[in-house]
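Thank you all for coming.

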Amino acid sequence: MDSTNSTASDTAHTLSPEENEWCCNIKAACITEKVKLPQNDFLLAQFAIISKGNCQKAIKRIKKYNEVVVEQYMYTSEVGLSKVGFTNSLMPGVMQGVGGPLSPRGS
């Protein structure tokens, strides 16, 4: 087996030390400013990467996300997962390609 294709060498979902520091700083800033933290570390990492570690930009985005997505639409990770399951029950197999390896059209 080619080691370049192994899961152990896949860093697609691994934060760099700098990105990890951004997450820690943004989490601390949220706590200090009494802003509701994102529901999970994956969302926190997304806000950190999008803001490139700028705490004030991240806080602004997190507040807006909480206001619109969480409060207005009552979205949680659990709700999202249940919708995926519901969609898959209506159209079996429709979600198989989501998050999987990319393949050329028609294959």
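Predicted model: local features only at pLDDT ≥ 70, side-chain atom pairs only at ≥ 80, totals over all residues.

Residues are numbered from 1 along each chain as its sequence is written, and side-chain values use heavy atoms, with hydrogens and water left out.

Let me start with helix H2, residues 41-51, where helices are DSSP runs of H or I with at least four residues, numbered from the N terminus. At its start, a side-chain oxygen of Asn40 comes to within 3.2 Å of the backbone nitrogen of Phe42. Within H2, Leu43, Leu44, Ala45, Phe47, Ala48 and Ser51 are buried, meaning under 20% relative accessible area with a 1.4 Å probe and protein chains only, whereas exposed means over 50% and partly exposed lies in between. These buried residues of H2 pack against helix H1 (17-32) and helix H3 (55-72).

H2 also gives the largest share, four residues, of the lining of the largest pocket. Among the residues lining that pocket are His13, Glu19, Phe42 and Ile49.

Finally, the loops. Most residues other than glycine have a negative phi. Lys34, in the loop between H1 and H2, has a positive phi near 55°, and Lys34 is exposed, at a relative accessible area of 75%. Lys52, which follows H2 and sits in the loop between H2 and H3, likewise has a positive phi of about 55°, and Lys52 counts as exposed at 62% relative accessibility.

Terms used
1 Å grid on protein atoms, 1.4 Å probe; cavity = no way out; pocket = protein on both sides within 12 Å on 5 of 7 lines; lining within 4 Å. Helix = DSSP H or I, 4+ residues; strand = E, 2+ residues; numbered from the N terminus. Contact = heavy atoms within 4.5 Å. Polar contact = N/O pair within 3.5 Å; in protein donor to acceptor, adjacent residues only side chain to side chain.
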